[in-house]
Amino acid sequence: MKLSKVSRVAGREFASTAMTKGFIIGALVMPAAIGALMPLIILLTMKAQPPADTGTVYILDRSADVSPTIENRLSPENVEARWKERFGNVKEIAQNAIPLGEDQKKQIGDRIDKASDSIRYPELRVIPAGPDTDIEELKAEMQEQVAAYGKATGDLESILAIVDIDADASQKVNEEEGYGGFQVFLRPKLNEETIGEIKDSVRWSIRERRYVNAGINRDQVGEIHEISERASQEITEEGEKKASSAITTFIIPMASMILLLIASMTGGQYLLTTTVEEKSNRVVEVILSACSPMELMTGKILGQMFVGLSLLVVYSWLGIFALIFMERFDLIEWSTIVLIFVFFILAYFMFASLMAAIGSAVNEMREAQSLMTPVILLMMVPYFFFMPVIRAPNSMLSTVTSFIPPISPFIMIMRVASNDPPPVWQTGLVILVNAIAVVIFLWLAAKVFRVGLLMFGKPPNVRTLIKWIRMA
Amino acid sequence: MQGVRKTFGPKVAVEGIDLSIPEGAIYGFIGPNGAGKTTTIRMIMSILFPDRGELSVLGKKSAVESKDRIGYLPEERGIYKKMKVGSFLMHMGRLKGLDRSGLKPRVMEWLDRVDLAEVYKKKCEELSKGMQQKVQFVASVLHDPDLIILDEPFSGLDPVNMRLLRSLIDEEHGRGKTVIFSTHVMHQAEQNCDHIVMIHQGKKVLDDTLDDIRKRFDPRALHVDPIGGIDQADAVRRVEGVAHVTPIEGVLEVVMREGIDPQLAMRSLLESMPMNRVEIKRPTLEDVFIEIVTGGKRGEDAEQLRAELLADNQDAEEVEA
């Protein structure tokens, strides 16, 4: 086997797969772009807010107690102040969504400030109606307006809402019954924000009056409700450690396993496609006049391995960045990251062998489907074992399945990434078992590959493949 | 090649072929479809391995060790459709062990020689079948191989390109390269080769120079064109020494009995009736082939085979046209 030919084949294989627009955009640029664009997307969503509503809100306050508070709460200055405050929070989130340099943070901050200058919040005129106002009259007027103009006209005269507040809303009339409530009549198609603003303000004001009437200090209640909690710590052999939440315990092993699966599957899938293509193009005989089947297969498998590796590198860095940003890099250990790469190589070689064998045996992609079914089912197995393995990473089931190739790397990575990793000797043994399995898989694939490449005609079934293995 | 045999399951594709091809020769492999030509060539290329027998290529035990010195154009033409013509040829060149330096001018020069200079940057799938075939021919000779093996190189080419390819093959041969090509269209072999190997049902049935073949298969056949036309067949049949008379393409092919001197036979034919023309039939490879396959017997078998071959040739010629 000549190394120069192998590397030549591998080079072409990598270039023809990974250096295409489709691959770069689909597999690399898209995920990276989505991450980078998050702040921009938040910004755009904010900018794309619907035009704010302008109009009148009638307060029919039967309690004759709440309406001044509501009036104050919905005054233009107070509404503006509240909206600006909400924007300030968004700015903070956007600036910290992904790790950024100070310059970029400032840039995004400036943009949001600019956007907040142009922000339009609902402009409301609150008219308290006396307790003896007939609500039906108000409703009739609103109906007339709706009939004439449809949606809000944008001037302060148009009635947006009528709030009907019960007489006992803020003060109990008799002790046995509870407090009363309120009802809102709305013009159709008002913005959610406007409706929320009105209702929240009414609710806040009624509550405010209840506190006052009961002689309770609202701030004091707030303080009583607020309990601060410092992050929980786990006491481990090495000392204190941030406790892992249920979510992170699941997410890290799951993400590691899926990452492994995606990377090895993508490489394998491309290998199948290019092999079938070379065969159906009949280009394979030309290539075979220049290199041996073994050189061809080795080159192709290595070429696609680099495709899978480049995916793995990009995605794992994205994951690491996310963890660093969340300041939870302690959740994943460097050894786990290294093991992801080790297990990728092992898992990839096994699946690539299967794909190379299938690809060389069939004449076109369509025929590959029936032979692919068992492989796809095999790829599903790690998903089925996800829950039992995560719950008990060192149970009999977890341990045994982590020693069965070719699903072994996927199970093992979940165990390693879990919060109860297996002993080191097991990891070592699993790597050894898989390395042996890789040799066997490659050896069998090579036999099928050699025979299959120049076989045209009836697509083979599994039995024929076994015959070829015996034959070669 | 010595006693080479190859089977596919129960089917014997090649049976006990002995063959040696001297360096610098131009050899034609002929035989009908399915005779075992491609299998033989694939074994020479070490793409297939014989079940029995031995072969050596360019002094090495197998072509595996000398692949870089062999140029091969397979019968099944293949090309990376999405690749640019230039990159495809560069890739093939580098696979064949050429250095990156000087490769591009070499590719350009070859493309120029086959009138395809303008396709360097085009994708292979944009080319016509014939153009693709020329690109593939370039791929097989790009690395200046000592041995060039071409499997059915002319199929699918128009007459102009066929002539171009023929002259390129002659040129390579003139530079001392060994050329082997196979064809099922016999007259193509007659035009190019100085040595013919005929394969039939997996066996070598002929291995000789074209001149020797012509001499050896000097037939006892004459082409006779009586003024009375082919209706005179019965009269001709009554002439002394005549064994068979078969009307072919407006003339009568007359086979003489064994031991009859063709000169004497011509004279007695001329005496028997007025003639436009009487001539000795120059044996074609087709005749030789039929002669060998039917064991020299003339009759229905031979006629049927000839009809098949004619149909084959016509197919080929239609494609060429």
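Predicted model: local features only at pLDDT ≥ 70, side-chain atom pairs only at ≥ 80, totals over all residues.
The surroundings of A:Ile413 can be listed residue by residue: leaving aside positions up to four places away in sequence, A:Ile413 touches A:Ser256, A:Met257, A:Leu260, A:Leu339, A:Ile340 and A:Phe343.

## Helix packing in chain A

Helix H16 of chain A, residues 408-417, and helix H17 of chain A, residues 424-452, have axes that come within 11 Å and cross at roughly 165°. Because an angle over 145 degrees counts as roughly antiparallel, this crossing makes H16(A) roughly antiparallel to H17(A). The crossing in which H16(A) passes H17(A) is left-handed.

On the side of H16(A), the contact is made by A:Ser408, A:Pro409, A:Met412 and A:Val416, and on the side of H17(A) by A:Thr427, A:Val430, A:Val433 and A:Asn434.

## Contact between the chains

Chain A places 15 residues in the contact with chain B, and chain B places 19 residues in the contact with chain A. On the side of chain A that touches chain B, helix H1 (3-18) and helix H10 (283-288) of chain A each supply at least two residues, and H10(A) gives the most to that side, with 5 residues.

## Overall make-up of chain B

The secondary structure of chain B comes to 11 helices and 13 strands, and 36% of the 321 residues of chain B count as buried. Of the contacts in chain B with a separation of 6 or more, 67% are accounted for by residues 24 or more positions apart.

## The mixed sheet of chain B

An open sheet in chain B is formed by 6 strands in the order S5-S6-S7-S3-S8-S9, with mixed pairing. At its edges stand strand S5 (70-73) and strand S9 (203-209) of chain B, each of which pairs on one side only, and the twist from one strand to the next averages 15°.

Helix H4 of chain B, residues 129-141, lies across S5 and S6 of chain B and runs at about 160° to S5(B).

## Antiparallel pairings around S10

Strand S10 of chain B, residues 221-226, pairs with strand S12 of chain B, residues 251-256, in the antiparallel sense over 4 bridges, and B:Ala221 stands opposite B:Val255 in S12(B). S10(B) is also joined by 5 bridges to strand S13 of chain B, residues 275-280, and these two strands likewise run antiparallel; here the bridge partner of B:Pro226 in S13(B) is B:Met275.

Conventions. Residues numbered from 1 in each chain as written. Chains lettered and ligands numbered in written order. Pairing = 2+ DSSP bridges. Axes fitted to C-alpha atoms, helices over the stretch in contact; angles between N-to-C directions. Contact = placed C-beta atoms within 7 Å. Buried ≥ 20, exposed ≤ 12 C-beta atoms within 10 Å, placed from the backbone. Parallel < 35°, antiparallel > 145°, perpendicular 65-115°, else oblique. Left-handed = near helix turned anticlockwise from the far one by under 90°.
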